[in-house]
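Subject: Structure handover

Hello,

Here is the structure for your files. My notes follow below it.

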Amino acid sequence: MPDPKKLRPRFVILISGQGSNMQAIVQACQSGDCAAEVAAVIASRAETAGLAWAASQGIHTVGLAHTAYPNRETFDTALAQTIDQFSPDYVLLAGFMRVLTPGFVARFAGRLINIHPSLLPSFPGLHTHAQALATGVQSHGCTVHFVTPVLDHGPIIAQGVVAVHHHDTPESLASRVLGMEHLIYPQVACWLAQGRVHLTSDQRVLVDGVTTRLFTPGQHL
Ligand code: GRF
């Protein structure tokens, strides 16, 4: 009987800081909710809290300081070579704060996933919660999407929505969105591990057996 763990899809997760989304995905894999193996956690800095936590879980970690490279292209080449050592089925960006070059994105096309803290295509880029408050939207949230060369605009896999409260600050809104991120990213990771996520030739996403890919507060995934 083959060892089921050996047959599990492999994830490499890229982080830059606390790695709370990475932790949520690792915990989903450890609990069995997500039938995948986290082969490695790689950070764009030599040391981060997320790397320390992943190492404490027995996961292979690599701190690749982007400041040690003369430009974006050489960093991305080193990053890609490091990733390839772990033969991942998917590369999950989780709080990864580097803009990736088109060459890197092309190398991992179709298996490069990101989570962005807004309901794309609204509010690409940084400071999304301040943008949401400044524009007066009443709904906000997060998006898990395939990465393309165009920043924060790839085919959407799932979204989680939260209401904007009258008294919200960027910090209070960010906290509620982050809680939703920790729900939808592990769920998407589970779908990826099951081979249920498909990207059509016209860049549309299909997920087998799933009628809605919008998650709301209180919805049990
Ligand atoms: C999250 O809001 C994520 O959407 C953004 O970075 C923030 C921190 O993520 N990309 P994490 O706690 O490092 O996973």
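The sheet comes first. It is open, has eight strands and mixed pairing, and runs in the order β3-β2-β1-β4-β5-β6-β7-β10. β3 (61–63) and β10 (214–215) stand at the edges with a single partner strand each, so one side of each has no neighbour in the sheet. Two strands pair here if DSSP finds at least two bridges between them. Helices (H or I, at least four residues) and strands (E, at least two) are DSSP runs, numbered from the N terminus.

Some ground rules. This is a predicted model, where local features need pLDDT of at least 70, side-chain atom pairs count only at pLDDT 80 or more, and totals for chains, interfaces and linings use all residues. Residues are numbered from 1 along each chain as its sequence is written, and side-chain values use heavy atoms, with hydrogens and water left out.

Within the sheet, β4 (residues 90–93) and β5 (residues 112–116) run parallel and are joined by three bridges. Leu93 stands opposite Asn114 in β5.

Now the ligand. It sits in the largest pocket. A pocket is an open set of points on a 1 Å grid over the protein atoms alone, where a 1.4 Å probe fits, with protein on both sides within 12 Å along at least five of seven lines. A molecule sits in one if more than half of its atoms lie within 2 Å of its grid points.

The shell around the ligand (a heavy atom within 4 Å) consists of Gln18, Gly19, Ser20, Asn21, Ala94, Gly95, Ile115, Pro117, Leu178 and Glu181. α1 (20–31) and α6 (170–193) each supply at least two of the shell residues.

Polar contacts are pairs of N or O atoms within 3.5 Å.
- Gln18, through a polar side-chain atom, at 2.6 Å
- Gly19, through a polar backbone atom, at 3.1 Å
- Glu181, through a side-chain N or O atom, at 2.8 Å

The ligand alone exposes 370 Å², and the protein buries 84% of that. Areas come from the Shrake-Rupley method with a 1.4 Å probe.

Last, the backbone. Most residues other than glycine have a negative phi, and most peptide bonds are trans. Ser87 has a positive phi, near 45°, and lies in the loop between α3 (72–84) and β4. Asp152 also has a positive phi, near 55°; its loop lies between β6 (139–146) and β7 (156–163). The peptide bond joining Leu120 and Pro121 is cis, with omega about 10°. Pro121 is in the loop between β5 and α5 (128–135).

Best regards

How values were computed. Polar contact = N/O pair within 3.5 Å; in protein donor to acceptor, adjacent residues only side chain to side chain. 1 Å grid on protein atoms, 1.4 Å probe; cavity = no way out; pocket = protein on both sides within 12 Å on 5 of 7 lines; lining within 4 Å.
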